[in-house]
Amino acid sequence: MTNPAERLVDLLDLEQIEVNIFRGRSPQESLQRVFGGQVAGQALVAAGRTTDDDRPVHSLHAYFLRPGRPGVPIVYQVERVRDGRSFTTRRVTAVQQGHTIFNLTASFHKPEEGPFEHQLPPARKVPDPESLPSVMREVREHLGELPEQLERMARRQPFDIRYVDRLRWTPEEVKDAEPRSAVWMRAVGPLGDAPLVHTCALTYASDMTLLDAVRLPIEPLWGPRSFDMASLDHAMWFHRPFRADEWFLYDQESPIATGGRGLARGRIYDVEGRLLVSVVQEGLFRAL
């Protein structure tokens, strides 16, 4: 059986069925809807397949319009909006069973030397990822034997996730907690050397824990939820090259939650503290 990292690479390997049209698999999972990071990652693959290899993506902006159905293929239609001397723009529409479920606009930029460079340092000093337990180890330590559904999800998880702050399990532990969270992440196995695969794999991962910062002051991150949540839109800016199979720190915060929507911001750093990617997402929260 292939490992989860190999399955992720396979999931991102779209089938081209016509010029500018690609088809992606959607695994049959027990989730109610297709994972948003999967759709975003596959859409970015489709966009990247229509651009020159010497122009990496520098930003994307996306909207989740309808929940996707697990087990049903998704068709990605690419519009070649612009091919300029330095920038390339693509618009991708994801269609499932005749309905548009997702839109993405991505911009690609031919690397060039800038006249200056600066970066704010990371907001806080955090422990080394190797010193922290994986999230599934923390969950097993607390729950003991995992429910079968959760065990299956753990075996298929393509990323090793390690929370900088230990998980909190009771309402008392999250009382007065700040809307901030941070995790170390990396793919559980090698992803190869294609830069587009690493970019799309990190795009997949960027949707995994970002809304934790919105939830944290409300209730524990693991266990029964009192509300439903879904990603509404997602934006990313890619600043430097990286590998998604090497450790990266995902530092997250939520500046506001109101009107049934919560905004989350994330900054992704490498182990040396260099800022690699900036992320912003808004999520919908409704009481169950």
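The legends below describe close-up views of a predicted model.

Local features are given where pLDDT is at least 70 and side-chain atom pairs count only at pLDDT 80 or more, while totals for chains, interfaces and linings use all residues. Residues are numbered from 1 along each chain as its sequence is written, and side-chain values use heavy atoms, with hydrogens and water left out.

**View 1. Phe-159 and Tyr-204 form a stacked aromatic pair.** The structure holds six aromatic pairs. The two rings of this one lie 6.3 Å apart, centre to centre, with 25° between their planes. Rings of Phe, Tyr and Trp (its six-membered ring) pair if their centres lie within 6.5 Å; planes under 30 degrees apart count as stacked, over 60 as edge-to-face and the rest as tilted. Phe-159 belongs to strand 7 (residues 159-163) and Tyr-204 to helix 6 (residues 195-206), so the pair ties together parts that are 45 residues apart in sequence. Helices (H or I, at least four residues) and strands (E, at least two) are DSSP runs, numbered from the N terminus. Both Phe-159 and Tyr-204 are buried, that is, under 20% relative accessible area with a 1.4 Å probe, counting protein chains only.

**View 2. Phe-159 and Phe-248 form an edge-to-face pair.** Ring pairs link Phe-35, Phe-159, Tyr-204 and Phe-248 into a cluster.

**View 3. The largest cavity has a volume of about 100 Å³.** A cavity is a set of points on a 1 Å grid over the protein atoms alone where a 1.4 Å probe fits but cannot get out, and lining residues have an atom within 4 Å of a point. Among the lining residues are Tyr-163, Asp-165, Arg-180 and Leu-221. Strand 8 (residues 180-187) gives the most to this lining, with three residues.

**View 4. Strand 5 (residues 87-96) and strand 6 run antiparallel.** Ten bridges join strand 5 to strand 6; two strands pair if DSSP finds at least two bridges between them. Phe-87 stands opposite His-109 in strand 6. The hairpin of strand 5 and strand 6 has two residues between the strands, and Gln-97 takes a positive phi near 55° there.

**View 5. Strand 3 (residues 57-64) also runs antiparallel to strand 6 (residues 99-109).** Seven bridges join strand 3 to strand 6. Leu-60 stands opposite Ala-106 in strand 6.

Methods: Buried means under 20% relative accessible area, exposed over 50%, partly exposed in between (1.4 Å probe, protein chains only). On a 1 Å grid over the protein atoms alone, a cavity is a set of points where a 1.4 Å probe fits but cannot get out, and a pocket is an open set with protein on both sides within 12 Å along at least five of seven lines; lining residues have an atom within 4 Å of a point. Grid points are joined across faces, edges and corners, and a volume is the space filled by probe spheres set on the points.
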